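Q: Take me through the labels on this model, one at a time. Set each value against its cut-off.

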Amino acid sequence: MGIHLDVTEQAEQRARAEQALRDKLTAQRESQAKSEFMARISHELRTPLNAVLGFAQLIEHDGANSLAPAQLERVAHIRSAGEHLLALIGDVLDLSATEAGTVPIALEPVDIDALLSDVIEWVAEPAQRARVSLHLELSGGRVQADPRRLRQVLSNLLSNAVKYNRAGGDVWLSARSASHDGQPSWALSVRDNGRGLSREQRAHLFESFNRLGAEHEGIEGMGIGLTIVRQLAELMGGHIDVHSDAGLGSEFVVWLRAADAVPGARADRIDAPALPGSALATDEPAPLTILYIEDNPVNVILVRELVALRPGIALRCEVNGLSGVAQALAEPPDVVLIDMQLPDIDGHEVLRRLRAAPALAGRPMIALSANGMPEDIAHAEAAGFDAYWTKPIDFYRFLTDLDTLAVAAQRRASFQPA
């Protein structure tokens, strides 16, 4: 007696499974390498931009040493070019993150009117320069979305409606309630009466880096904004419809599900035309000390200049992680600003050591970094940082947040026993 087994098919199945596993591991390594590369590129590009944009803004707002109007106009060109480059970097990083599926999305009820009002203010200045009129129709509704990403989607669509319009053209931003796919939904519409799109252009509208011929007209852009817009809309559980004809204008409609909960909080302005005035009490200096741990001397100079706009706030600086930890333990500050890439230990290790010190319990620890990838921010917040401020430094947010920290320190000091 004997038994004969044909294992050919089993061997082939095993080989296919092993190959699939190898392919999966290879894809994971490639994805990890790509993420590390993009994070590095982000850091290396945003660090010099911090100086370009930062000092350009300081020159523009330097009341003591004001430049002539022609010189200020040149500085404004430098700042504008730097902001454009920063936006391009952000678009490339967003495209990489959305394609990899690593964009964090936090859905919550969002007040549509507040969000639309914010977005239309952001685009008001370029619309005025282009002689395009903006029209806002409020709805009083709420939508389920990630507020930051929805602002990004609508500001991109609104900017395109202005950029590809004509002098004397119009753009309408509105929202309407409707049932869509059997669900209560909102249609957020950006409509213009500009050049419109041909059938062939509509067929290639969402292709990355395809500018549909606009690259020959000197209009700024890379052709990836709409790709990101569509992917973000889908990540929020919605989608985009496009209605357009050549010469008759275009309408982009973002469909999202309605929210029946309370409206989300309205975001702070981040692009105010002037630096904010101090919110501190004027009768005495704010009892606030800040320790800034940073190895880049240009970044240190910039932060010193900014903090100098708030008399009464004391700033100390250290050039590496170990000396920063030692200084914080010797003279505990009220706030610690920590660069994430230091020459000895990184920002996460600095945070770990500072959190372990009883003398620093409850003191705000804030990351100030050129690492702007979503996973970097999420990792830092999960590690215990109280906030994550990115470079290039947003002057308005930086000074406003300093005021908030200083006012809180004033209040704490007023309740301390004599």
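A: Start with helix α3 (residues 112–122), which passes α5 in a right-handed crossing. That term applies if the near helix is turned clockwise from the far one by less than a right angle, and anticlockwise gives left-handed. Helices are DSSP runs of H or I, at least four residues long, strands are runs of E, at least two long, and both are numbered from the N terminus. This is a predicted model: local features need pLDDT of at least 70, side-chain atom pairs need 80 or more, and totals for chains, interfaces and linings use all residues. Residues are numbered from 1 along each chain as its sequence is written, and side-chain values use heavy atoms, without hydrogens or water.

Q: The axes of α3 and α5 come within 10 Å and cross at roughly 45°. Why does that make α3 oblique to α5?
A: Angles under 35 degrees are roughly parallel, over 145 roughly antiparallel, 65 to 115 roughly perpendicular, and the rest oblique. Roughly 45° falls in the rest, so α3 is oblique to α5. The angle is taken between N-to-C directions, from 0 to 180 degrees, with axes fitted to C-alpha atoms over the stretch in contact.

Q: What makes the contact between α3 and α5?
A: Contact means heavy atoms within 4.5 Å. Leu-115, Leu-116, Asp-118, Val-119, Ile-120 and Trp-122 of α3 meet Pro-147, Leu-150, Arg-151, Leu-154, Ser-155 and Leu-158 of α5. By class, that is 9 nonpolar, 1 polar and 2 charged residues. Nonpolar covers Ala, Val, Leu, Ile, Met, Phe, Trp, Tyr, Cys and Pro; charged covers Asp, Glu, Lys and Arg; the others, Gly among them, are polar.

Q: How does α5 pack against α7?
A: Helix α5 (residues 147–163) and helix α7 (residues 225–235) pack at about 145°, with axes 10 Å apart. The crossing is left-handed. From α5, the contact uses Arg-149, Gln-152, Val-153, Asn-156, Leu-157 and Asn-160; from α7, Gly-225, Leu-226, Ile-228, Val-229 and Leu-232. These divide into 6 nonpolar, 4 polar and 1 charged.

Q: Helices α9 (residues 321–330) and α10 (residues 347–355) pack at about 20°. Why is α9 called roughly parallel to α10?
A: About 20° is under the limit for that label, so α9 is roughly parallel to α10. Their axes are 10 Å apart. This crossing is right-handed.

Q: How do you know that Gly-169 is buried?
A: Its relative accessible area is 0%. Buried means under 20%, exposed over 50% and partly exposed in between (1.4 Å probe, protein chains only). Gly-169 therefore counts as buried. The residue lies in the loop between α5 and β4 (170–180). Beyond neighbours within four places in sequence, Gly-169 contacts Arg-131, Val-132, Ser-133 and Asn-193.

Q: Why is Asp-376 partly exposed?
A: Relative accessibility of Asp-376 is 22%, so the residue counts as partly exposed. Asp-376 is in helix α11 (residues 374–383).

Q: How many aromatic pairs does a search of the whole structure find?
A: The search finds 1. Trp-389 and Phe-398 form an edge-to-face pair, 5.4 Å centre to centre with 70° between the planes. Rings of Phe, Tyr and Trp (its six-membered ring) pair if centres lie within 6.5 Å; planes under 30 degrees apart are stacked, over 60 edge-to-face, the rest tilted. The pair passes both tests. Trp-389 and Phe-398 are buried.
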